[in-house]
Amino acid sequence: MSKPFTPTPARPAVITANDLRMGHCVWMRDGAWTADPREAEIFEDEAIADLAMLDALSQANLVVDPYLAEARRGEDGRPEPTHFREAFRRRGPSNYFHGKQAEFEASNV
Amino acid sequence: MFDVRPQHNEYLRHRSAQFRQQVERRLNGSLTEAEFKPLRLMNGVYLQLHAYMLRVAIPYGTISPDQMRVLALLAQKWDKGYGHWTTRQNIQFNWPKLVDIPDMLDALADVGMHAIQTSGNTIRNVTTDAYAGAAADEVADPRPYAELLRQWSTDHAEFQFLPRKFKIAISGAEKDRAVISAHDIGLRLLRNAQGELGFQVWIGGGLGRTPLIGQVVRDFLPEADLLPYVEAIIAAYNLAGRRDNKYKARIKITVAERGLDVMREEIEAEFVNRRAVFTGVDQELLAELRNLYAAPAFRNEEDGDYEAKRAANAAFRSFTDTNLSAHKAPGYVSVKVSFKAPGQTPGDASAEQMNLLADLAERFGHHDLRVSHDQNVVLPHIHKSDLFALYEELRAAGLATANAGLISDIVACPGMDYCALATARSIPIAEEIAAHFRARDLESDIGKIDIRISGCINACGHHHLGHIGILGLDRAGVENYQITLGGDGYDIPAVGQKPGAGFPAEEVVGAIDRIINAYLELREDEEERFIDAYRRLGMAPFKAALYPANA
C-alpha cells in the first residue's frame, strides 16, 4: 500500500482499490468503480478528495483498501500514473500478457 | 491432528467449510475487512497487486502424483493455467477469485493438502532437503520428523499468535541442502560418538531487513526430545519476543538482543518442564511416520543402455552432467527438473507440466515428487535404465533444461509483477541475466553459481544467500538494484556483502557481466567456483570490476 497522498492542482490523484470479490484493480469515478484506469476521476482538491475517500471507505462491501494514488493529467486529459507501481497495477504483470488490465488494453487499443 | 496420506481428509474439509462461511459473511457485510483479513491469511489467502493469491503448503516439499494433479486442476479451473513454486516449498496461485477459494480448498482437502499456516504469525511450512530419503550422504530421512513437526504445529493453540512468523528447516545430512542457518530454527540430523541419532539445533537465523546467520543452541539433541525442545524454544520466544515493533519481532532479533546464552538458559529450563509432560505419543506417531516414509522397493538391475545413450547423445550427456544427484540405492539417481528454461519465469509451472510430472513419477519414479526451495522439481528415485526414456519425455515438454546449479538457474521471488509488498520487479531481471549468459554461450564454462533476486527487503528470493544477490528497491520512484557478493546458504553460511551503489534496471545485466568476466579471469582453474574464488580473493577485485570508473 502506498503512503497517504494529498492531492493538489499541481499534483493530482486518483482513488484506486481492489475489487472485493474478484481481486482486480479498480478506480473510482463519480462514486462508482471501473476497471478502466483511464476512466478514473482526477482529484486536485484535498477536501473533495477527502470526501471521496470517505465514500470509497464506506463501500467496503465492494472494494478493499482504497487509497489516493498520485496521477498526472495526460495529453488527452485522462489520468496517467506517476509511479511505476501504479503503472504495473494498470498494465498487469510484465511476464505474461494476461492481467485483467492487459485484457482490457488489448480490447481497447 | 490429521492424516498425512493423499486422500480425502474430513478435518481439512471442515476447515474449508469454515472458511466458506467466513467468505460469505465478508461478502454480506457481517465481517469487516479488518476482521476478515486475519481469517483469510490463516487460510493462505493474500490480496496482491492484481488479484488474490492462494499459497498452498507442500509439506517439506514432498508431493504425490495425485496431489500434483490437483495442483494442476487448481491452476486450470480456478487460475490462469499455472502456479509458482516458492523458496519455502509452497505453491502460489496468482489469480484466484475470492468467491472460488473455498472450492479450491475443498479440492485440496480431498487429497490431504491445505493452505493452513502458510501465512500469519504462526509456525509455517516445515521445509527440508528435496533429496530427502534419496541422497547418498544422508544420515537419516528428515521427512518423518518434518511431518511430526507439522502435525504438532498445525493449529497448535499456544502458537497461533507468535510475535512474528516462525520457520523451521531440517537437513538430513551433514551437507546442508535445506538452508538451516537462515531459519528461525534449523535442525541438522547427525549421530553422536555413541552412534545415537539426534539433532544439532540452530536458532536465530533469518533474512529480511536484518539478515543474520543462526547460531547453534544445542550441539546434540536426542531425537526423542525433538518436540519438547522445539516447543521450549518457541515458548521462550513467545514470551521474550518483541511485540512493539514488527521489524524487531523475529527470533533472530530476540537472540541478537538478549544473547544466545540467555536464550539457551530459558530454553533449557522450559525444556525440563515440557519434557516431563510428553507421554510418548509423539514417539509412537514418529514410528508410524517412519513406516510411511520407508524407502520404496528399489529395483536391483543393470543400468541398461544408460552409458551408451550418454555417449551417443550430447544433449542427454549434458543433462546427466548437470541435473543428477547421487542416490543411496545402487543404480539410482535423483533428477532435478528445471523450471528455469529460456524465457520462463523462474519457478512457474503450467498445469500441463504438473500433470506430465505426475505421470512420469508414476511411470519411472516410485510415485514420488519433490518441490525444491530453488523453485525446481525433483524426481528423487529414478533408475538409470529409465533415465533416457524419462529425459525424452521431459525434453518433448520443454522440461529438460540442463542448467541445475548454473547461472540461468536463478532463484527469484514474484517481485512487483505480482507482490503488493515489492519495491521493484524481479522476474524480468532474472530473465535478462539468464538470456544474456545463454547468448554468450558461457553457462557451462562459468559452472556452478547461485544468483538470487528479491523484489524487496523482505528477501523471499533469499538474495542475501546468493553468491551474487540482487535486491530490487524503489529509489526516488525508479527501480534500482543493489548487488551483494559472497552470500551462501549451504557450505559456509554467509550473508552477501554490498560492494557499493545499486544500478538502474537497464544496467544490471552489464554489472553481472563484469563480475563474471572478472571471475573467469581470476579463477585458478575451472574447478574453482565463483564463490570459492570470492572467498580466496575477497571483495576487492570484484568491486573494481563492478565499478570500473572508481578503480
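## Exercises on a two-chain predicted model

Chain A, read along its sequence, runs β-β-β-α-β-β-α-α. This is a predicted model, where local features need pLDDT of at least 70, side-chain atom pairs count only at pLDDT 80 or more, and totals for chains, interfaces and linings use all residues. Residues are numbered from 1 along each chain as its sequence is written, while chains are lettered from A in the order in which they are written.

**Exercise 1.** Work out how many helices and strands chain A has.

*Solution.* Start with what counts: helices (H or I, at least four residues) and strands (E, at least two) are DSSP runs, numbered from the N terminus. On that basis, chain A has 3 helices and 5 strands.

**Exercise 2.** Find what share of chain A is buried.

*Solution.* A residue is buried if 20 or more other C-beta atoms, placed from the backbone, lie within 10 Å of its own. Of the 109 residues in chain A, 35% pass that test.

**Exercise 3.** Pick out the buried residues in helix 11 of chain B and say what covers them.

*Solution.* First, go to residues 314-323 of chain B: B:F316, B:F319, B:T320, B:T322 and B:N323 are the buried ones. Next, look at their cover, which includes helix 10 (306-312), strand 11 (324-326), strand 12 (332-337) and helix 13 (387-396) of chain B.

**Exercise 4.** See how domain 2 of chain B meets domain 4 of chain B.

*Solution.* Begin with the bounds, which come from an automatic or database domain assignment: domain 2 is 134-292 and domain 4 is 411-550. Their centres, taken over C-alpha atoms, are 31 Å apart. Now count contacts (C-beta atoms, placed from the backbone, within 7 Å): 10 residues of domain 2 touch 11 residues of domain 4.

Notes:
A residue is buried if 20 or more other C-beta atoms lie within 10 Å of its own, exposed if 12 or fewer, and partly exposed in between; C-beta atoms are placed from the backbone. Two residues are in contact if their C-beta atoms, placed from the backbone, lie within 7 Å.
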